[in-house]
Amino acid sequence: MNRRSFIVAVGAGFAAPLAAEAQQAEKVYRVGFLRNGPPPDTFIEGLRRGLRDLGYFEGQNLSIEYGLADSADQLPNVAARLVRLNVDVLLASGTPPVPVAKSATQKIPVVFIASIDPVATGIVASLARPGGNVTGFAGIHADLMGKRLELLREAVHRQSRVAVMFQATNPGNAQYLRQAEIAARALGIQLQLLAVRKADDFERVFGEARGAGGLIQFDDVIFTSHRRQLVELAVKHQLPAMYGAREFVDAGGLISYGPDYPDLYRRSATYLDKIFRGAKPADLPVEQPTKFELVINLKTTKALGLTIPPSLLLRADQVTE
């Protein structure tokens with residue numbers, strides 16, 4: 001081999017790995033974010049923070065394609081559009097998008113963050129071994145609704161009837177209702193079940209709840225998306241309300257108890273990273289919330305003419321003014 005051939009060969013040898021490295025560096029991972037209505041900013045920031053911690057930055061090696069439906073009926077079409085974009089992962093945010101994402105594709109991995117029992121609703125085979133192409137983070141806990149009723153009862157004395165508002169088509173309703181009924185019997189509380197299908201139903205529901213000692217919502221994205229309207233209606237109708245996420249209290253709601261959802265979205269980034277690196281959803285166990293928070297709004301307490309017991313205030317993770 002002459003000198004010129006040697007230099008060319010060596011140059012080619014160095015160029016090959018450099019080209020491969022450059023090609024790898026140029027890889028942009030695409031996440032399809034499927035949800036009914038806009039998520040709270042805190043959810044998205046939790047997701048972005050988790051991804052940044054793992055080295056993924058939007059505009060560099062990460063792209064998030066937002067598929068936000070205006071209603072649950074539109075979710076299948078929105079999911080189909082994300083599938084056609086050939087995203088690397090579908091992230092199903094909230095409960096209604098989960099079965100839609102599962103039906104939309106058997107090829108693209110699906111990671112969900114939702115208040116749902118994925119085994120009872122047939123989303124996965126088991127928590128430990130999900131099977132198929134779906135796994136994620138469940139926001140439900142065995143005694144979550146019971147705990148919310150207990151805390152609402154402690155905050156608002158002499159309750160005999162509590163209005164329960166739920167989105168009629170949410171697949172997680174059955175598990176929430178079972179928990180609520182068990183807790184209500186133990187507390188001697190009568191439940192008034194009030195179904196909604198769209199935001200236009202809110203005014204009607206609050207009118208029907210007149211005279212109730214309190215209000216509790218089953219978790220649903222329609223409520224999260226319209227949280228400001230809901231907390232304003234609760235104050236207007238002088239109805240003490242318990243919510244499932246602190247974002248309601250931040251918007252002026254009375255009290256919330258539930259998972260730290262921004263933390264769940266942050267944790268979901270670890271599953272996205274594993275899938276980007278070749279892991280299969282079937283091998284990633286469904287995780288449950290590990291951090292719950294109780295938040296109370298003192299300003300709303302005064303607006304409702306309530307006095308929260310000091311013992312409950314001391315147990316709160318945060319008391320806002």
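I began with burial and noted that, of the 321 residues of the protein chain, 52% count as buried, where buried means under 20% relative accessible area with a 1.4 Å probe, protein chains only. I kept in mind that this is a predicted model, in which local features need pLDDT of at least 70, side-chain atom pairs count only at pLDDT 80 or more, and totals for chains, interfaces and linings use all residues. Residues are numbered from 1 along each chain as its sequence is written, and side-chain values use heavy atoms, with hydrogens and water left out.

I then looked up the secondary structure and found 13 helices and 12 strands in the protein chain, these being DSSP runs numbered from the N terminus (helices H or I, at least four residues; strands E, at least two). For the extent, I noted that the C-alpha atoms fill a box of roughly 95 × 35 × 35 Å along the principal axes.

Next I turned to one pair of helices: H2 (residues 41–53) packs with H11 at an angle of about 35°, their axes lying 7 Å apart, where axes are lines fitted to C-alpha atoms over the stretch in contact and angles run from 0 to 180 degrees between N-to-C directions. The residues making this contact (heavy atoms within 4.5 Å) include Phe43 and Leu47 of H2 and Tyr265 and Leu272 of H11.

Last, I looked at Asp273, which is found in H11, residues 261–276. Asp273 counts as buried because its relative accessibility is 10%, and, leaving aside neighbours within four places in sequence, Asp273 is in contact with Leu54 and Tyr56.

Methods:
Buried < 20%, exposed > 50% of the residue type's maximum accessible area, 1.4 Å probe, protein only.
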